[in-house]
Amino acid sequence: IYTTEPTNNYGFDSGTSFAAPIVTAVAALIRAYYPELSAQEVKKIIMASGIQYDLKVNIANDEEKQKLVPFTSLTKSGKIVNAYYALQLAEQYSLN
């Protein structure tokens with residue numbers, strides 16, 4: 001994840017401790033604009049509205065060697081969260 005650093009710079013980092021706050025912020029945006037949506041609906045919206053990339057990424061294996069794996073194998077949805085698409089889909093849910 002390309003994110004802010006404590007030194008007032010930007011850099012790359014990884015892990016759920018970086019991904020969780022971003023997804024939580026998207027959920028908060030959805031609930032702020034569409035408070036009638038349930039938590040389950042918000043989860044469905046976030047999972048469905050992500051962007052899927054067909055690419056391979058380097059990960060370190062047990063021997064600290066780089067290994068190429070499909071990005072889709074690294075996440076439950078195989079997608080990257082997208083706040084804009086999530087809000088668009090939330091609007092459709094709220095109209096139904």
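Are Y2 and Y10 buried or exposed? Both Y2 and Y10 are exposed, where exposed denotes a relative accessible area over 50%, buried one under 20%, and partly exposed the range in between (1.4 Å probe, protein chains only). The model is predicted, so that local features need pLDDT of at least 70 and side-chain atom pairs count only at pLDDT 80 or more, whereas totals for chains, interfaces and linings use all residues. Residues are numbered from 1 along each chain as its sequence is written, and side-chain values use heavy atoms, with hydrogens and water left out.

Four aromatic pairs are present in the structure; rings of Phe, Tyr and Trp (its six-membered ring) pair if their centres lie within 6.5 Å, and planes under 30 degrees apart count as stacked, over 60 as edge-to-face and the rest as tilted. The ring centres of Y2 and Y10 are 5.8 Å apart and their planes lie at 20°, so this pair is stacked. A tilted pair is formed by Y84 and Y85, with 5.8 Å from centre to centre and 50° between the planes. Of these two residues, Y84 is exposed, at a relative accessible area of 56%, and Y85 is partly exposed, at 40%. Ring pairs also join Y2, Y10 and F12 into a cluster.

Helix α3 comprises residues 83–95; helices (H or I, at least four residues) are DSSP runs, numbered from the N terminus. Its buried residues are A86, L89 and A90. These residues cover an arc of only 110° around the axis, which puts them on the same side of α3; the arc is that of the directions from the helix axis to the C-beta atoms. On the other side of α3, Y84 and L95 are exposed. The buried residues of α3 pack against α1 (16–33) and α2 (39–49), contact being defined as heavy atoms within 4.5 Å.

The largest nonpolar core has 10 residues, among them A86, L89 and A90. Such a core is a set of buried Ala, Val, Leu, Ile, Met, Phe, Trp, Tyr and Cys residues joined through side-chain atoms within 4.5 Å. Helices α1, α2 and α3 are the elements that give two or more residues to this core.

S49 is found in helix α2 and is buried, with a relative accessible area of 6%. Leaving aside neighbours within four places in sequence, S49 is in contact with N82, Y85, A86 and L89. With residues up to four places away in sequence not counted, A86 touches V26, I30, I45 and S49.

Technical notes:
Expected span 1.5 Å × (residues − 1).
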